[in-house]
Amino acid sequence: MSENINVIEKYKYVLDKKGIDLILLEKSEKDKERLEQLFIQLDSIFLIPQQQNMPLKIYVEKLINQAFNFVLVESNCDIGLISIYANDFVSKTSFVNAIGILTSHQGKQLASITSEFIIEYSKGVGMEYMKAHINKANYKSLSLVKKFGFKVLSEETDKFVVIKDLKEIDLHSSVRSESHHV
């Protein structure tokens, strides 16, 4: 876990240079409401629960109880979220639930920085692979994950399942420098 504390501190520092704080949400009613409000603010068809009939409240409760959820904060306002499962120690595969940045804060490299963060965070907790579902209409996200070395594992009707091998990543070097070589 000390590797992960270092990863969190590293990205808190990187984001702080942009005037943004990175906060790990707790398993509390207050943070559950905060996460739900952020999903509503983001209002993106790409962030809807994978289980199409699952109400947002139930999805958020599941995330609060089972995932690592981070919020990006600027001037006391929540501007983005990161949610990942990184607790499957059998397959050692983390799963990206959501990365969302408010439209007003897009174009500031926050999606790239948060992608680097979750890759290093997952590696730091012992994950060897990272998966995500990318809606086929979400070209920006597909382009971003490919930039970070994700490969399309399979294709379904409305989404791509992508995977990244984390075993080759050295936490003592920068994912950022590795991603620029892709």
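Colleague: Is Phe117 buried or exposed in this model?
Modeller: In this predicted model, the relative accessibility of Phe117 is 1%. Buried means under 20% relative accessible area. Phe117 therefore counts as buried.

Colleague: Which geometry describes the aromatic pair of Phe117 and Tyr121?
Modeller: Phe117 and Tyr121 both belong to helix α4, where they are 4 residues apart, about one turn of the helix. Their rings are 5.6 Å apart, centre to centre, with 45 degrees between the planes. Planes under 30 degrees apart count as stacked and those over 60 as edge-to-face. The pair of Phe117 and Tyr121 is tilted.

Colleague: How many aromatic pairs does a search of the whole structure find?
Modeller: Rings pair if their centres lie within 6.5 Å. With the whole structure searched, the number of aromatic pairs is 6.

Colleague: Why is the pair of Phe70 and Tyr121 edge-to-face?
Modeller: The ring centres of Phe70 and Tyr121 are 5.3 Å apart. Planes over 60 degrees apart count as edge-to-face. The pair is edge-to-face because the planes of Phe70 and Tyr121 stand at 80 degrees.

Colleague: How many residues apart in sequence are the parts that Phe70 and Tyr121 tie together?
Modeller: Phe70 is buried, with a relative accessible area of 1%, and Tyr121 also counts as buried at 1% relative accessibility. Phe70 lies in strand β2 (residues 68-74), whereas Tyr121 lies in helix α4 (residues 110-124). The pair therefore ties together parts whose separation in sequence is 51 residues.

Colleague: Which residues do ring pairs link into a cluster?
Modeller: Phe70 and Tyr121 form a pair, as do Phe117 and Tyr121. The cluster linked by ring pairs consists of Tyr11, Phe68, Phe70, Phe117 and Tyr121.

Definitions and conventions
Residues are numbered from 1 along each chain as its sequence is written. This is a predicted model: local features need pLDDT of at least 70, side-chain atom pairs count only at pLDDT 80 or more; totals for chains, interfaces and linings use all residues. Side-chain values use heavy atoms; hydrogens and water are left out. Helices (H or I, at least four residues) and strands (E, at least two) are DSSP runs, numbered from the N terminus. Buried means under 20% relative accessible area, exposed over 50%, partly exposed in between (1.4 Å probe, protein chains only).
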